[in-house]
Amino acid sequence: MNIAEIKKEFPIFNNKVQNNDLVYLDSANSAQKPKAVIDRVYDFYTKEFSNVGRSVHYLAVAATNLYENTRASVQKYINANDKNEIVFTKGATEAINLIANTFGQKHLNDGDEVLITELEHHSNYVPWHFLRKSKKINIEFAEVNKDGEVTLESIEKKINSKTKIIGVTHLSNVTGAILPIKDIVSLAHSKGIPVLVDGCQGAPHLKLDMQDLDCDFYAISGHKMYGPTGIGILYAKKKWLEDLPPYQGGGGMISEVKKSGISYGELPNKYEAGTMATAQVIAFNESIKFLEKIGIKNIEKHEKELLNYALEILRKNNSINIVGNPAKKGGVISFTVEGIHPHDVATILDEDGVAIRAGHHCCQILHEKLGLSATARASFGVYNTKDDIDLLNESLNKCKKIFNLK
Amino acid sequence: MNLKELYQEIILDHGKNPRNLRKTENFNKDAKGNNPLCGDKVHIYLKLNENKKVEDISFEGQGCAISMASASIMTDLVKGKEEFEVKEIVSDFLDMIKEKDELNNDILHDDEKTKLMCLSGVKNYPMRVKCATLSWHTLTSAINNSQEEINTESN
């Protein structure tokens with residue numbers, strides 16, 4: 001696989017950022033977009049725009065087909081059993097809120113427990129937190145170990161008869177730990193507990209097979225998969241989508257509306273109220289095609305090579321402390337630089353065109369556990385090269401000079 | 001060039017060895033500030049005497065070089081000032097960081113103004129302005145005794 005050629009597909013790298021070539025190491029936050037995706041948004045609005053699923057005119061029918069084509073592509077890409085198990089949302093956050101809200105309404109009662117982990121992004125904690133008040137549920141946290149992992153054992157330790165649902169990340173956006181989802185699901189199912197997987201970081205970097213993972217829910221963020229913003233995917237087993245109540249009410253999700261009562265639409269319409277992010281959904285099909293063209297195995301291999309190279313280089317740098325050391329790790333490295341706050345590091349790197357993230361990465365629970373208020377984070381995408389890592393390291397050395405540190 | 005303006009010696013010095021980083025005994029006003037985007041936190045303690053003069057001011061917290069230096073310089077400059085003077089210095093500083101080229105108050109001496117102007121480098125870094133202003137907004141909250149935690153993301 002030729003990274004130079006792949007990188008050429010991303011127009012953002014043709015432009016200078018503050019007179020520098022862009023070294024983009026913030027893909028865990030959001031990935032850059034290939035030209036095909038950008039063009040698809042433009043073309044749809046220019047030549048094909050219409051709302052979907054309502055009118056009978058030519059453009060409406062064509063747009064509906066394009067919209068549904070993406071659903072079919074996603075189903076195939078994640079190997080879901082049924083096309084109607086794919087629900088479009090505005091992002092992974094909405095996907096998780098949808099489940100926390102509807103599952104909470106129907107299946108959680110006072111004293112029930114939701115088990116999540118200390119690695120979770122705020123988006124897989126806050127939606128459950130809402131239920132603490134409305135349902136008086138408790139939230140338990142499976143502990144992270146010193147390597148920044150959550151093991152099957154730490155999950156098992158927190159499961160009890162009150163545990164009604166488990167929410168876990170596929171790949172930590174801070175330590176990069178890849179969780180043993182299949183084992184967690186199998187353990188949970190043996191106790192009759194459904195599992196929701198936050199797949200924000202997993203989906204762009206790992207092979208996805210819903211039937212093999214057997215999880216009940218899987219939340220995906222489109223913009224992290226080289227797709228447009230404003231689109232996410234909720235994968236949910238059909239039995240759950242049929243069982244759970246609707247999330248939002250409005251046009252498109254109904255079957256019949258009378259003054260005396262309302263019946264709801266069939267799947268997947270039941271969960272897609274109002275006009276959806278049509279252009280983004282249609283353009284997201286190009287992101288899937290882009291990923292399929294390269295092949296997820298090749299992407300995994302490339303990112304693993306980058307990760308190993310970056311770890312090797314950064315570990316040689318005495319002033320850098322890498323957060324966590326998981327046995328199975330994706331292309332995310334969080335670190336601190338001795339004597340310099342992560343925000344200062346990020347500002348200095350930015351001057352060289354090196355874009356990283358600094359802060360708590362929406363994981364305050366984990367940072368508190370680590371005893372850190374903030375970390376710096378470099379994360380990789382398919383377009384990154386070893387040169388990018390070298391430039392990161394050079395820039396990190398510059399930080400020390402600016403701060404007069406040895 | 002910009003980076004050198006941002007990270008001047010005085011900022012690095014105050015960032016590394018912040019003055020008044022402690023808790024005032026018998027403080028009579030205090031307030032907490034929080035920047036949820038980056039997790040920076042500051043707690044300002046103020047002791048005003050019966051003539052409404054700042055007898056002591058201190059802070060606890062953690063943050064980047066800019067936010068620590070800003071809190072450090074601020075506490076140094078307002079110590080010994082009267083409450084109304086502190087308010088004027090705060091508002092002058094915030095105006096300068098937002099839009100004005102210089103400080104206009106008649107309270108600070110020229111050398112004090114020069115020290116404070118070292119923070120003006122953040123103007124070129126809009127994302128970092130909040131780092132510089134957090135402790136100042138928190139001081140205002142402490143003076144007003146509003147008991148409201150300053151949050152850089154709420155308006």
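In this predicted model, β12(A) and β15(A) pair in the antiparallel sense over four bridges, where strands are DSSP runs of E with at least two residues, helices are runs of H or I with at least four, both being numbered from the N terminus, and two strands count as paired if DSSP finds at least two bridges between them. Within this pairing, Ile333(A) stands opposite Ala378(A) of β15(A). The model is a prediction in which local features need pLDDT of at least 70 and side-chain atom pairs count only at pLDDT 80 or more, while totals for chains, interfaces and linings use all residues. Residues are numbered from 1 along each chain as its sequence is written, and chains are lettered from A and ligands numbered from 1 in the order in which they are written.

The two strands belong to an open sheet of four, with the order β11-β12-β15-β14 in chain A and antiparallel pairing. Its edge strands are β11 (320-322) and β14 of chain A, each of which pairs on one side only. Neighbouring strands of the sheet are turned by 35 degrees against each other on average, direction ignored; axes here are lines fitted to C-alpha atoms, for helices over the stretch in contact, and angles run from 0 to 180 degrees between N-to-C directions.

Two helices can be followed against this sheet. α11(A) lies across β11, β12 and β15 of chain A and runs at about 10 degrees to β12(A), whereas α12(A) packs on the sheet by touching β12, β14 and β15 of chain A, its direction making about 160 degrees with that of β14(A). Contact between residues is taken to mean that their C-beta atoms, placed from the backbone, lie within 7 Å.

On the scale of the whole chain, an automatic or database domain assignment divides chain A into domain 1 (3-29 + 296-402) and domain 2 (38-292). In chain A, 25 residues of domain 1 are in contact with 25 residues of domain 2. On the domain 1 side of that contact, α11 (296-316), β12 (332-337), α13 and β15 (375-379) of chain A each supply at least two residues, and α11(A) gives the most, with four.

Finally, the contact between the chains takes 16 residues from chain A and 13 residues from chain B. On the side of chain A, α12 (342-351), β14 (357-359) and α13 (364-370) each supply at least two residues, and α12(A) gives the most, with five residues.
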